[in-house]
Each structure stands twice: as C-alpha cells, then as structure tokens.
Amino acid sequence: IRGQMSDQGVSVLSTLDFTTPNAPDDWDKYIEISAGTKNKFIVQFDFDATEAMDQLQSNNGGSSLQSLKINTNTIGASKSQQARTFQIRNYATKKWVKLGNNNGFPAWEWVAETFTLTGSNLADFI
C-alpha cells in the first residue's frame, strides 16, 4: 500500500454492504484509504484462487474458466478530486490491465461496479 489505510482486516470485504447510494456509513464494515503525504494512494489486494481453480477443473471435467468477475463497491470524492482506477494483474505478461475508473460516479455515494473479463487465458489473472 502507498498512502494510508484503516486498520480493519480484509475480512470486512467478504460481505457486500452499502448496496444503496445512501446506505448508513458503518465504518467497521469497510476499509478506508487515504492519499497520505504524497497525495496519491495505491492499494493492491492479492487473492489466492488456486483451490477454486482446482475445484472448477475437477467439477467441469477439466474445462477452462469462462469468465472472471471483479466486484467493487466504493465511495469517495468525484473523479476530478479523487481519481480511482481499477486494474487486474496479468501474471503471464507481468502487466496491469485497466478495468475501469470512477468516471461518472456520484461524489460521496456508494457505487457498486462489476468488471467482467472473458477470454481463453483467464487463468493468467489468477
């Protein structure tokens, strides 16, 4: 992480809360991130999906992954004041792939966004 992050563990992200724009703000249910001294923040979450991939292959006769969804739920200032870019790492190419940003998101309202990847090499992102 570059910047500052509240001390809640990532386990608070396991439940989708704040699904309506004016949901009550329960600070214990999300992670707050701020820019810190350099007016920039970068947060990288790594998830190990090896077990899920093994189950997928055994349950589907070895067939490959068809799609990969990344769900986000964010609140913050408008893009002109606080740009947020969502990316996913392609481990085969060692490059970040842009999924989207907060363009058009209303300021200080919860916005749920789903990014879907499809293709033949989705395992490269896991």
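**Loops, strands and a surface patch**

User: Between which strands is the loop that holds tryptophan 108?
Analyst: Helices (H or I, at least four residues) and strands (E, at least two) are DSSP runs, numbered from the N terminus. On that numbering, tryptophan 108 has its place in the loop between β5 and β6 (111-118).

User: What kind of model is this, and how are residues numbered?
Analyst: This is a predicted model, in which local features need pLDDT of at least 70 and side-chain atom pairs count only at pLDDT 80 or more, whereas totals for chains, interfaces and linings use all residues. Side-chain values rest on heavy atoms, with hydrogens and water left out, and residues are numbered from 1 along each chain as its sequence is written.

User: Is tryptophan 108 buried or exposed, and at what relative accessibility?
Analyst: Buried means under 20% relative accessible area, exposed over 50%, and partly exposed in between (1.4 Å probe, protein chains only). Tryptophan 108 also has a positive phi of about 55° although it is not a glycine. By these limits it counts as exposed, because its relative accessibility is 57%.

User: What C-alpha separation lies between tryptophan 108 and threonine 74?
Analyst: Threonine 74 belongs to strand β3 (residues 67-74) and counts as buried, because its relative accessibility is 15%. Tryptophan 108 is 34 residues from threonine 74 along the chain, and their C-alpha atoms are separated by 9.0 Å.

User: In what order do the elements of the protein run from the N terminus on?
Analyst: The protein has 1 helix and 6 strands. Of its 126 residues, 25% count as buried. From the N terminus on, the order of elements is β-β-α-β-β-β-β.

User: Which side chains of strand β4 point to one face and are buried?
Analyst: The side chains alternate along β4 (residues 85-90).

User: How many bridges join β4 to β5?
Analyst: Two strands pair if DSSP finds at least two bridges between them. Phenylalanine 86 stands opposite glycine 100 in β5, and asparagine 90 has lysine 95 as its bridge partner there. β4 and β5 (residues 95-101) run antiparallel, and the number of bridges joining them is 6.

User: Which residue takes a positive phi in the hairpin of β4 and β5?
Analyst: This hairpin has 4 residues between the strands. The residue in question is found in the loop between β4 and β5 and is exposed, because its relative accessibility is 60%.

User: How far apart are the C-alpha atoms of glycine 104 and lysine 79?
Analyst: Glycine 104 has its place in the loop between β5 and β6. It is exposed, because its relative accessible area is 69%. Glycine 104 and lysine 79 are 25 residues apart along the chain, with their C-alpha atoms separated by 7.6 Å.

User: Which residues gather in a patch of negative charge on the surface?
Analyst: A patch is made of residues with over 30% relative accessible area and no salt bridge; like charges are joined within 9 Å, and nonpolar side chains (Val, Leu, Ile, Met, Phe, Trp, Tyr) within 5 Å. A salt bridge is a side-chain nitrogen of Lys or Arg within 4 Å of a carboxyl oxygen of Asp or Glu. The negative patch consists of Asp25, Asp26, Asp28 and Glu32.

User: What is the relative accessible area of glutamate 32?
Analyst: Glutamate 32 has its place in the loop between β1 (4-5) and β2 (33-34). Its C-alpha lies 9.8 Å from that of threonine 74, 42 residues away in sequence. Glutamate 32 is partly exposed, because its relative accessible area is 39%.

Note on methods: Accessible areas come from the Shrake-Rupley method with a 1.4 Å probe; for residues, only the protein chains shown count as cover. Lys and Arg count as positive and Asp and Glu as negative; His and the chain ends are not counted. The place of a charge is taken as NZ of Lys, CZ of Arg, CG of Asp or CD of Glu.
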